[in-house]
Amino acid sequence: MVLAFLACFVGAEAHGAFRGTVLTVEASKGLAIVERDKTAQEPGATAAYRMDPASLAKIHAGDRIAATEDESAKPSVLRDVMIDANATAPSAVREVSQLAIGDKVPSTTLVDQDGKPFTLARYLGENLVVGFIYTRCRDARECPLTTSKFGQMQGLFAKRKVGLLEITLDPQYDTPAVLKKYATSFGADPARWTFATGAPNDVLDVDAAFGLDPFSDPTVGLIHSETLVVVDKTGTIHDLIYTGSWTPNEIASELDGLDGIATNPFETLDLWLKRAAVSMCGDSVAGFDGILDLLVVLAIFAAAGYLLWRIYRAFGRAVG
């Protein structure tokens, strides 16, 4: 991750032009979800791409574009984006207003892993942490890791009233029975840790309201962004964390602040650094380890500076 963090300052080479359709634009995250056209050389595919803010502001769902892909970062970066104003395609985006910090959580009825309907009003009077997963996720660094961290929070919050909720991104497959089996495999206590599904359109509307529009890709499953939501006791969104590198201790420190308890400054700084790294460099540094990696980066720069100084000194003596 240190190398990835350094690489974001280096620049990159472009790797190929393609045409495709914009499915959705996530301006707050600097992302565009684009469905690439199928060609004789490559199959069609849907992927998330980073774009500079000025270019991102010019495109909309349904636009047909031509662009150059820079694959040196993950997700790839789109450059030289051109919009074909004479060709449009139907948008696959859900028409849902995206929630922001300070908004109330939606009142949509969901269904838990025991098949019982509920709304997020269930959590009024306690802080709530919301994550998004799907049980068929194949990448151990994504949904399974998120759920594992929720398991750690279950233990960490054993003596405080904090709701833990994971909402599926795949409601057609993730039925209550599937979620119950998944929850059991992670040791979830249903009294404190809920897995939610429901009517597919309702669930996907909730996902979209929190900024997640999952798209199916035959090679990787669902493509989706990482979002963690912290909700206060009044049902108001306190924070939206757009990186998967958060830790349970960092979230515990944030909840301490909500409850008027002194926060851990190191955990607070660590989370801030991770979010700043992802904001500057994209998801290629999504595993950036906050303070630890920052110290390593500074040490590398210091060592490089010292080496250059020694070379300069030696060169000066040789010339003199």
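Biologist: How many residues of α6 are buried?

Modeller: Keeping in mind that this is a predicted model, α6 is mostly covered, with eight of its 11 residues buried.

Biologist: Which ones are they?

Modeller: The buried residues of α6 are Pro248, Glu250, Ile251, Ala252, Ser253, Glu254, Leu255 and Asp256.

Biologist: And what follows α6?

Modeller: Gly260 follows α6, and the phi of Gly260 is positive, near 75 degrees.

Biologist: Back to Asp256, then: which side chain does Asp256 meet in a salt bridge?

Modeller: The partner of Asp256 is Arg160, with a distance of 2.9 Å from N to O. That pair links distant parts of the chain, since Asp256 sits in helix α6 (residues 248-258) while Arg160 belongs to the loop between α3 (143-156) and β9 (162-168), 96 residues apart.

Biologist: Are those two buried or exposed, and why do you class them that way?

Modeller: Asp256 counts as buried because its relative accessibility is 16%, and the cut-off for buried is under 20%. Arg160, at 23% relative accessibility, counts as partly exposed.

Biologist: Which residues make up the network of salt bridges around Arg160?

Modeller: The network links Arg160 and Asp256 with Lys233 and Asp259.

Biologist: How many salt bridges does the structure hold?

Modeller: There are 12 salt bridges in the structure. One of the pairs is Asp37 with Arg64, whose side chains meet at 2.6 Å, N to O. Those two also link distant parts of the chain: Asp37 is in the loop between β2 (31-36) and β3 (45-50), and Arg64 is in strand β4 (residues 63-70), 27 residues apart. Asp37 counts as partly exposed, because its relative accessibility is 26%.

Biologist: What about Asp70, which residue does its side chain meet?

Modeller: The side chain of Asp70 forms a salt bridge with that of Arg79, at 2.8 Å from N to O. Asp70 is buried, with a relative accessible area of 1%, whereas Arg79 counts as partly exposed at 36% relative accessibility.

Biologist: Changing topic, how much space lies in the second largest pocket?

Modeller: The second largest pocket holds about 220 Å³ of space. Its lining is made of 13 residues, and those lying nearest its centre are Arg136, Leu169, Asp170, Ser216 and Leu222.

Biologist: Which elements give two or more residues to that lining?

Modeller: Those elements are β11 (215-217) and β12 (221-223).

Biologist: Where is Asp217 found, and is it buried or exposed?

Modeller: Asp217 is in strand β11, and Asp217 is buried, with a relative accessible area of 5%. The C-alpha atoms of Asp217 and Gly44 are separated by 9.3 Å, although these residues are 173 residues apart along the chain.

Biologist: Where does Arg192 sit?

Modeller: Arg192 is in the loop between α4 (176-185) and β10 (193-196), and at 25% relative accessibility it counts as partly exposed. Arg192 and Gln154 are 38 residues apart in sequence, and their C-alpha atoms are 7.5 Å apart in space.

Biologist: One for the surface: which residues form the nonpolar patch with Leu308?

Modeller: Leu307 and Ile311 form that patch with Leu308, and together the three have about 320 Å² of accessible area. Leu308 lies in helix α8 (residues 291-319), and Leu308 counts as exposed because its relative accessibility is 58%, the cut-off for exposed being over 50%.

Biologist: Last one, what about Leu110, buried or exposed?

Modeller: Leu110 is buried, with a relative accessible area of 1%, and its place is in strand β6 (residues 110-111). The C-alpha atoms of Leu110 and Leu120, which are 10 residues apart along the chain, are separated by 8.4 Å.

Notes:
Residues numbered from 1 in each chain as written. Predicted model: local features only at pLDDT ≥ 70, side-chain atom pairs only at ≥ 80, totals over all residues. Heavy atoms only, no water. Salt bridge = Lys/Arg side-chain N within 4 Å of Asp/Glu carboxyl O. Helix = DSSP H or I, 4+ residues; strand = E, 2+ residues; numbered from the N terminus. Buried < 20%, exposed > 50% of the residue type's maximum accessible area, 1.4 Å probe, protein only. Patch = residues over 30% accessible without salt bridge, like charges linked within 9 Å, V, L, I, M, F, W, Y side chains within 5 Å. Areas by Shrake-Rupley, 256 points an atom, 1.4 Å probe, with all protein chains shown as cover. 1 Å grid on protein atoms, 1.4 Å probe; cavity = no way out; pocket = protein on both sides within 12 Å on 5 of 7 lines; lining within 4 Å. Points joined across faces, edges and corners; volume = space filled by probe spheres on them.
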